[in-house]
Amino acid sequence: MFFIITLLSLFFRVKISKALEGGILMAVALTGMGAVITLLTGAFAPALNKFVESTGVSLSVTDLGWAPLAVITWGSMYTLYFAALCIAINVIMLSFRKVKTLNVDLFNIWNLSVIGLLTLFYSEDNIVLTSCIVGGIYILMLLNSDVMQPQIKKLLRYDDKSITTTAHPSLLICPPVLLINELITRLFPSIDKFDFDAEKLNEKIGFWGSKFAIGVYLGFFVGVLGKLPMSELFILAFTAGVSLELFSAVGSWFGPAIKPLSDGIASMMANKFQGRQIYVAIDWPILASRAELWAVANILAPVLLVIAIILPGNIVLPLGGILLTVLAPALLIITQGKVIRMTLIGTVLIPLFLWAATLIAEFVTKTSIAMNSFPKGLSDTQMFSSVDSDPIEKMLSLLIAKASVSLNSQMLLMSGVAVVIYIAMFIWYFRKMQMINATRFVMNSNKI
């Protein structure tokens with residue numbers, strides 16, 4: 001990302017000092033975010049393992065978070081192919097004015113690479129089918145980035161000239177989030193009367209509503225479940241609190257990191273495309289400054305654990321993905337920070353992430369062994385997985401891949417119906433978001 005941001009900034013005629021500054025700050029922010037996630041998940045893992053031991057719950061697959069998946073994908077030559085394919089798609093769609101988004105978040109191409117490698121694994125190396133699936137999902141990512149940008153701008157209180165957005169693959173969960181949000185509006189029209197603003201709440205109750213305090217509460221909860229001794233309980237609670245504060249601090253670095261590139265693009269596009277607006281898509285932590293995101297992530301953590309225990313068909317113990325940062329950003333954008341709605345929708349969607357993690361466990365474990373990147377500390381017979389982004393896309397690609405090999409009429413029909421439903425839901429979501437954006441524009445015009 002350092003090289004990508006720096007070189008792109010230079011391409012758009014940003015001064016070399018500013019280009020280097022943006023690239024370095026982006027690299028620092030990404031490194032910092034990864035370090036904080038590692039700190040938090042590393043602290044929680046022993047407590048959750050002890051909880052399993054004390055309760056006898058049988059969850060045989062360990063969730064190790066996103067890092068092992070990134071190692072697997074970036075160790076494969078196919079990831080470079082998927083990256084080139086996605087860059088070509090982005091350039092073509094920009095040239096033909098089908099999207100406004102320039103996606104510079106190429107590091108997270110590994111999320112799509114997971115889906116690509118999963119498709120190859122179960123389709124017996126059908127590269128044509130795999131390319132179609134990866135390319136199709138990437139097109140939806142770009143369209144989603146476009147339609148989310150006004151809502152992100154409103155949420156983060158950016159000015160009207162802001163061109164910052166995100167095309168992170170995890171935000172493809174937005175269509176079902178919006179669907180459930182609409183159902184809540186119809187069934188419980190007065191629900192927002194009971195909601196609260198996490199930032200205002202923090203102002204009223206001070207320290208006890210801070211991100212640090214929320215992390216401490218979660219740490220104590222998990223520690224009690226794991227029957228930790230008092231000394232370890234306090235260490236876990238303190239580490240969780242520190243991590244939550246660091247998440248917010250590191251998240252605030254992404255905006256300044258992309259600003260030189262954003263300014264350069266805005267200037268060049270004004271000259272070359274007669275004022276045509278181009279959005280710059282970076283990683284999801286641009287949203288990390290919102291208190292609601294972390295409040296809901298912490299609320300959903302114990303909910304995730306409880307659902308994992310009782311959910312039929314799940315064999316994954318959530319550790320690395322305990323904070324569900326692959327779901328909370330979508331909840332934040334669609335509900336505009338309404339905590340009660342975020343919590344309800346998140347609870348409904350949690351099973352998708354657990355089932356997807358269960359389904360890909362065999363692929364993740366076998367691929368890791370084949371690439372000599374099997375995690376240390378696990379026994380040779382133990383499978384691992386990741387409660388990570390794009391659960392629907394992973395399940396859909398797995399179904400399509402298996403159907404392409406078996407040529408079973410029932411599976412082919414199921415995969416065809418699933419694809420139609422998936423695309424229909426996205427089209428409905430895209431049009432609904434356009435209506436929401438248009439309504440906001442009219443409201444702002446009336447205010448003026």
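In this predicted model, a polar atom of the side chain of Arg290 lies 2.8 Å from the backbone oxygen of Leu155. The side chain of Arg290 also makes a polar contact, at 2.8 Å, with the side chain of Glu292. Arg290 itself sits in the loop that runs between strand β4 (279–282) and helix α12 (291–310).

Is Arg290 buried or exposed? Its relative accessibility is 7%, and because buried means under 20%, Arg290 counts as buried. The surroundings of Arg290 also bring together separate parts of the chain: Arg290 and Leu156 are 134 residues apart along the chain, yet their C-alpha atoms are separated by 7.7 Å.

The next element to consider is a sheet. Strands of a sheet pair through backbone hydrogen bonds, and the pairing may be parallel or antiparallel. Here, three strands form an open sheet in the order β5-β1-β6, with parallel pairing. Strands β5 (316–317) and β6 (384–385) stand at the edges and have a single partner strand each, so one side of each lacks a neighbour in the sheet. Strand β1, residues 61–63, is joined to β6 by two bridges. Within this pair of strands, Thr62 has Phe384 in β6 as its bridge partner.

Finally, the reader may turn to helix α14, which comprises residues 339–359. This helix has 21 residues and reaches 30 Å from its first C-alpha to its last, close to the 30 Å expected at 1.5 Å a residue. Where does the kink in α14 lie? A kink of about 35 degrees is found at Val348, shortly before the proline Pro351.

Conventions: Residues numbered from 1 in each chain as written. Predicted model: local features only at pLDDT ≥ 70, side-chain atom pairs only at ≥ 80, totals over all residues. Heavy atoms only, no water. Helix = DSSP H or I, 4+ residues; strand = E, 2+ residues; numbered from the N terminus. Buried < 20%, exposed > 50% of the residue type's maximum accessible area, 1.4 Å probe, protein only. Polar contact = N/O pair within 3.5 Å; in protein donor to acceptor, adjacent residues only side chain to side chain. Expected span 1.5 Å × (residues − 1). Bend = angle between axes of the 7 residues up to and from the residue. Pairing = 2+ DSSP bridges.
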